[in-house]
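Good morning, colleagues. Please look at the sequence and the model together.

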Amino acid sequence: MNILLAGGSGNVGRNLIPILEAKGHRVWVLTRNPKNARDLIWNPAQKFISDSLQTPIDVIINLNGFSVSNRWTVENKKRMYTSRVDANDTLLAWAQKQTQPPHTWINASAIGIYPSLSTLQDEQSGFGSGFLADLCKQWEAFQQDIDSRTRMVILRIGIVLDRHSGALPTLKIPTGWGVGSAIGDGEQYMSWIDMEDLCRMIDFSIDHPIQGIYNAVSPEPVSNATFSKTLAQVMGRPFWAPKVPAFVVKTLMGEMASMVLNSHRISAQKIMTAGFQFNFPTLTSSLKHQLNK
């Protein structure tokens, strides 16, 4: 198939492209800084996509988004919004101009759309409040304008565990020093997914006739305390340090503290019922995979 990928230079995109190409798909990557023949220039802020692509596209995959792990300054919040909403709008306008619309569109979203709860939540659960939830709601709003001939899949992604990027390299540092600890009361839930499983889930979404919203999380959400203790065990490090009080986290991180203090216990049942099988369903299996243990 011919695939148009936005966000191909990001952490997930870089892992996904080899999987798609190994299956014989041809991938074009939208980027502001083209470096090879498969790269196409675009600028979501200006609603621009190069018209050099003449091949009909079968699948759009949109992973574009300025990381919410950056500090939540006014300017960065604006970038988080525009990199998602403007990207969707730009792709939508491009797709609407095509003679034959793509038959499949896979779009990223995030579990931050859900409220902070300790109870298990699924795709039918309500929306949360605050910056992340509002961002995700606006991120997903474009789907109402998608051509009816296009199969739409939105993946609400949890914490992605990857040895090279995201949360895991940062979490490894204090644990490696032997001072890993839980944050806040440690009871808040973390819903995560192994990078390999996330890329396989995107590939699964291409090959299988699923449609609608699916949580891209493992079937084993764990408390922050369990996550921290398991990471220490896998790394062979002690786990004794006292919990980091919530007020300290809020003082250091401000509004951004909600990312580590909110509780998201999210169900993976819907995607499993559709037939997806995780290679790394447990936290221990994923950490051992990513840390080569």
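I begin with two helices. Helix α1 (residues 11–22) packs with helix α5 (residues 195–207) at an angle of about 55°, and their axes are 9 Å apart. Axes here are lines fitted to C-alpha atoms, for helices over the stretch in contact, and angles run from 0 to 180 degrees between N-to-C directions. Helices (H or I, at least four residues) and strands (E, at least two) are DSSP runs, numbered from the N terminus.

The two helices, α1 and α5, are therefore oblique to each other; angles under 35 degrees count as roughly parallel, over 145 as roughly antiparallel, 65 to 115 as roughly perpendicular and the rest as oblique. Which residues of α1 and α5 make the contact? On α1 they are N11, V12, N15, L16, I19 and L20, and on α5 they are M195, L198, C199, I202, D203 and I206. Contact means heavy atoms within 4.5 Å.

A word on provenance. This is a predicted model, in which local features need pLDDT of at least 70 and side-chain atom pairs count only at pLDDT 80 or more, while totals for chains, interfaces and linings use all residues. Residues are numbered from 1 along each chain as its sequence is written, and side-chain values use heavy atoms, with hydrogens and water left out.

I turn now to the sheet. It is open and mixed in its pairing, with 8 strands in the order β4-β3-β2-β1-β5-β6-β8-β12; two strands pair if DSSP finds at least two bridges between them. At the edges stand β4 (48–49) and β12 (212–216), each pairing on one side only. Strands β1 (residues 2–6) and β2 (residues 26–31) run parallel and are joined by 5 bridges. L4 has W28 as its bridge partner in β2.

Helix α3 (residues 131–140) packs on the sheet, where it touches β6, β8 and β12, and its direction makes about 170° with that of β6.

Finally, two residues. N2 lies in strand β1 and is buried, with a relative accessible area of 19%; buried means under 20%, exposed over 50%, partly exposed in between (1.4 Å probe, protein chains only). Beyond its neighbours within four places in sequence, N2 is in contact with several residues, including R26, W28 and V59.

L155 belongs to strand β8 (residues 151–157), and counts as buried at 2% relative accessibility. Leaving aside neighbours within four places in sequence, its contacts include I106, M201, I202 and Y214.
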